[in-house]
Structures are given as structure tokens and as C-alpha cells.
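Subject: Structure for you to look over

Hello,

Below is the structure I said I would pass on. My notes on what was found in it follow.

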Amino acid sequence: MLKDTVAKIEREKVQAENVKWIHENLDDILTNYPARWCIVDGGIVRLALVEFFDLFKTVSLRDDISEGAVYFYASRHEPLAILSAV
């Protein structure tokens, strides 16, 4: 139980850092990945594709993406589309 709680807190911390990084680097992301679904992990856009499900499928096959990674749609719409996989 305690181990699960610690893992959840750590995952939420990483997710919050990734969301903060997205907000701080939004202009650069939009320049490089306009109208793309991206997965952000560790302050890096690890992959960007047009279709969300293609991105999700590809990421689910990889083992180098942390549980704290977030999916993000690169646009200027408010609120931003930022999703986390739990």
C-alpha cells in the first residue's frame, strides 16, 4: 500500500514537471510540432504525430517512456489539451 502511494506521488510529480515544461516552452513546441499530438517525458518531446491513437499505440509498444509522461496537443487553444496516462 505504501509503495503504491509513493509511486503515485512520484508519477504525479513527474507529470506536473512535464506540464510546467510544456507551458514554459509552448512557443518552441508550436514552432516545431504544430497541430501534432506529442508525448512529453522528462522535459523532452519524445514523439509527435498527427493522430492521437497512432501516437498512443506507438508509445504503448515502447518501454523507454516513463509513467509520468503526458500527452499534449500542440495548439494555442485554451485550455490546452494535456492528458496523462494513469
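In the predicted model above, Y71 stands opposite L83 in strand β4. The strands β3 and β4 run antiparallel and are joined by three bridges. Two strands are said to pair if DSSP finds at least two bridges between them. Helices (H or I, at least four residues) and strands (E, at least two) are DSSP runs, numbered from the N terminus.

Residues are numbered from 1 along each chain as its sequence is written, and side-chain values use heavy atoms, with hydrogens and water left out. As the model is a predicted one, local features need pLDDT of at least 70 and side-chain atom pairs count only at pLDDT 80 or more, while totals for chains, interfaces and linings use all residues.

The sheet

Strand β3 also pairs with β1: four bridges join them, and the two run antiparallel. Along this pairing, C38 stands opposite F72 and V40 stands opposite V70. On β2, V40 has V45 opposite. The pairing of β1 with β2 is antiparallel too, over four bridges. Their hairpin has four residues between the strands, and G42 there takes a positive phi near 65 degrees.

In a regular strand the side chains alternate between the two faces of the sheet. Both faces of β1 are covered, with W37 and I39 buried on one side and C38 and V40 buried on the other. Buried means under 20% relative accessible area, exposed means over 50%, and partly exposed is in between (1.4 Å probe, protein chains only).

The aromatic residues

A pair of aromatic rings is described by the distance of the centres and the angle of the planes. Rings of Phe, Tyr and Trp (its six-membered ring) pair if their centres lie within 6.5 Å; planes under 30 degrees apart count as stacked, over 60 as edge-to-face and the rest as tilted. The whole structure has six aromatic pairs. One of them is W37 with Y73, which counts as tilted because the planes are at 55 degrees, with the centres 5.2 Å apart. This pair links distant parts of the chain, since W37 is in β1 (residues 37–40) and Y73 is in β3 (residues 70–73), 36 residues apart. W37 is buried because its relative accessibility is 16%, whereas Y73, at 25%, is partly exposed. Ring pairs join W37 and Y73 with F52, F53, F56 and Y71 in a cluster.

Which loop holds D41? D41 lies in the loop between β1 and β2 (45–49). With a relative accessibility of 9%, D41 counts as buried. Contact means heavy atoms within 4.5 Å. Leaving aside residues up to four places away in sequence, D41 touches N18, R46, D64, I65, S66 and A69.

The side chain of D41 makes a polar contact of 2.6 Å with that of S66, and another of 3.5 Å with that of R46. A polar contact is a pair of N or O atoms within 3.5 Å; within protein, one must be able to donate a hydrogen and the other to accept it, and residues adjacent in sequence count only if both atoms are side-chain atoms.

R46 and D41 also form a salt bridge, at 3.5 Å from N to O. A salt bridge is a side-chain nitrogen of Lys or Arg within 4 Å of a carboxyl oxygen of Asp or Glu. The structure holds six of these. Another joins D64 and R62, at 2.9 Å from N to O. D41, R46, R62 and D64 are linked in a network of salt bridges. R46 is partly exposed at 27% relative accessibility, as are D64 at 36% and R62 at 30%.

Helix α1

K20 and E24 form a salt bridge too, with their closest N and O atoms 3.8 Å apart. Both lie in helix α1 (residues 2–24), four residues apart, about one turn of the helix. E24 is exposed at 54% relative accessibility, and K20 is exposed at 52%.

Helix α1 has 23 residues and reaches 33 Å from its first C-alpha to its last, close to the 33 Å expected at 1.5 Å a residue. The expected span is 1.5 Å times one less than the number of residues. Where α1 is buried, the residues are R11, Q15, N18 and I22. An α-helix has 3.6 residues a turn, so residues three or four places apart point the same way. The cover over the buried residues of α1 includes α2 (26–32), β1, β3 and β4 (82–84).

Regards
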